[in-house]
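Subject: Structure handover

Hello,

Here is the structure we talked about. Please open it alongside this note; the findings follow below.

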Amino acid sequence: MTGLHKLRAKGLLLGIGLAGLSLLVPLSAGAYSEMQSFGNYTYDKNRTAVAIPDAYVHSRTVALACDQGIAAKNPQDMYVAPDGRIVIADTDNNRILILDENYRFLSAVSEITDSTGAVSTLNKPEGVYVYESGELLIADTQNGRIVRCDAQGNASRIIGKPAGMTGVSEESQFLPVKLSVDKLGRIHVIARNINYGILQLDEAGTFLGFIGAPSVQPDLFTLFWRQFSTQAQKDQMVQFVTTEYSNLYIDEENFIWGTISTLEEDDLLSAIANHDRSGSVTPIRRLNALGNDLLKRNGQSAPLGDLDIEETPSKIIDVAVGSSGMYSMLDSTRGHIFTYDVNGNLLYIFGSLGLKAYEFQRPAAISYVGRSLVVLDAGLHQLQVFEPTAYGSLVYEAVSAQYEGDFASAYALWTQLAAQNSNFEYAFIGLGNAKLDAKQYTEAMAYFKHANDTEGYSKAFTQWRRQFLQDALPVVLTVVIVVSVALLIFFRIRKIYRYYKNL
């Protein structure tokens with residue numbers, strides 16, 4: 001049997017096996033409009049919403065209030081501290097709430113005492129970060145300052161409007177809304193009325209520059225008008241740039257994750273319709289120290305949120321970064337949570353807006369607490385806690401094994417997932433990757449074909465062809481040499497025979 005015949009035979013047998021595997025779980029498909037009110041889902045290769053087993057389920061609701069019973073009001077940010085405490089920016093109550101790892105109230109910070117003993121009150125803080133030391137870093141928004149203090153409000157540093165910010169006039173108000181700190185101690189800030197990207201400060205609050213400015217394509221009228229504008233008019237035009245970061249998070253590898261919720265709907269819809277994975281239109285970025293976006297977009301579609309929609313695309317307002325490269329994006333349009341792996345493959349979607357106990361009214365922030373996902377609801381002034389199911393844990397283990405390079409374990413886990421959920425096409429991509437790593441290229445090609453992963457199929461085919469040529473070439477060369485030698489001997493003998501025959 002030739003190599004090509006072997007490939008076809010193996011592909012046929014594996015195709016039969018895949019068909020049998022798919023019968024273990026009935027296919028369930030439906031349009032997004034039929035599925036938005038229940039269950040977890042994902043998208044198939046046609047970008048149609050399909051039901052999947054629940055990856056996460058609602059675990060508990062945590063009402064946010066202090067020990068005097070004063071409920072939170074319009075909380076806007078949440079941070080899970082290294083010691084497990086959960087810190088909330090209780091914006092309209094002008095305070096910071098601190099909960100323990102079991103979501104029980106510990107303390108609140110509303111007054112700030114500076115180094116001179118002067119006391120001031122927080123004014124609608126919208127962002128919070130917690131240092132390894134336990135100190136808080138607060139975006140005291142309406143006071144136009146950043147405060148570093150302990151859990152009692154004793155400030156070690158207060159940073160006002162940084163001097164020398166490029167392109168920002170002296171009259172512009174400084175309104176910090178979100179912040180985070182990298183491993184070098186640099187403070188990264190999103191300010192409401194500054195649209196040059198993420199503001200970088202050193203520990204003392206000195207302006208270092210901007211990073212990751214979203215690119216904006218000006219229209220032809222603007223380009224034309226700039227040719228005849230004064231410098232003052234050109235400076236004024238900057239105010240009309242609409243793309244600003246809405247949230248940020250710095251992960252363990254010092255990458256800066258930023259969400260952009262001010263994208264034009266038409267641009268997003270166009271990116272969805274055209275399968276655009278370039279990142280030119282994106283609600284999420286993963287920036288390195290130079291401000292380059294290194295987010296991988298190798299899935300069937302880029303991480304853009306919901307896909308089968310005709311209007312009002314997802315509005316991504318926050319991102320939670322988990323382990324093994326997984327991350328979850330929070331959508332304020334429909335209350336959906338989208339979870340992806342490190343390569344941008346969609347794993348599952350859940351969550352919704354509504355009046356049920358597990359639904360959101362106005363989601364504002366999302367964080368991982370271990371494997372749990374916690375959502376801050378600014379409308380209901382509470383936390384919603386979601387826990388992974390057995391199926392969700394299996395997805396996590398498979399993704400982790402793949403991420404760590406343990407392809408044997410990954411193959412076994414992906415096989416279980418494919419048997420439990422035939423709608424989960426990424427399970428078959430995982431199987432293909434495991435077989436690809438094991439150099440079993442024909443099987444890998446069959447799995448990739450089943451998942452409609454043309455990129456994976458092409459990679460596996462290229463490897464198979466290379467292996468086939470490497471295996472076949474010695475045989476071909478040997479045959480050529482043997483035939484050549486045989487012909488040479490034959491013609492030599494025939495020449496000698498004719499010579500003696502003519503004597």
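Glu264 lies in the loop between strand E19 (256-260) and helix H5 (265-273). Helices (H or I, at least four residues) and strands (E, at least two) are DSSP runs, numbered from the N terminus.

Before going on, a note on the source. This is a predicted model, in which local features need pLDDT of at least 70 and side-chain atom pairs count only at pLDDT 80 or more, while totals for chains, interfaces and linings use all residues. Residues are numbered from 1 along each chain as its sequence is written, and side-chain values use heavy atoms, with hydrogens and water left out.

Back to Glu264. Its relative accessibility is 46%, so Glu264 counts as partly exposed. The cut-offs: buried is under 20% relative accessible area, exposed is over 50%, and partly exposed is in between (1.4 Å probe, protein chains only). Glu264 forms a negative surface patch with Glu265, Asp266, Asp267, Glu310 and Glu311. Patch residues have over 30% relative accessible area and no salt bridge; like charges are joined within 9 Å, and nonpolar side chains (Val, Leu, Ile, Met, Phe, Trp, Tyr) within 5 Å. A salt bridge here is a side-chain nitrogen of Lys or Arg within 4 Å of a carboxyl oxygen of Asp or Glu.

Now a contrasting glutamate. Glu126 sits in the loop between strand E9 (119-121) and strand E10 (127-130). Glu126 is buried, at a relative accessible area of 11%. Leaving aside residues up to four places away in sequence, its contacts (heavy atoms within 4.5 Å) include Asp77, Lys178 and Arg192.

Next, the helices. Which residues of H9 are buried? They are Tyr441, Thr442, Ala444, Met445, Ala446, Tyr447 and Phe448. Helix H9 (residues 441-450) has ten residues and seven of them are buried, so the rest of the structure largely encloses it. Just after H9, Asn452 has a positive phi of about 60°.

Val483 belongs to helix H10 (residues 454-501). Val483 is partly exposed, at 41% relative accessible area. Together with Val475, Val479, Leu487, Phe490 and Phe491, Val483 makes a nonpolar surface patch of about 540 Å². In an α-helix there are 3.6 residues a turn, so residues three or four places apart point the same way.

Finally, the whole chain. The protein chain has ten helices and 27 strands. Of its 503 residues, 48% are buried.

Best wishes

How values were computed:
Areas by Shrake-Rupley, 256 points an atom, 1.4 Å probe, with all protein chains shown as cover. Lys, Arg positive; Asp, Glu negative; His and termini not counted. Charge placed at Lys NZ, Arg CZ, Asp CG, Glu CD.
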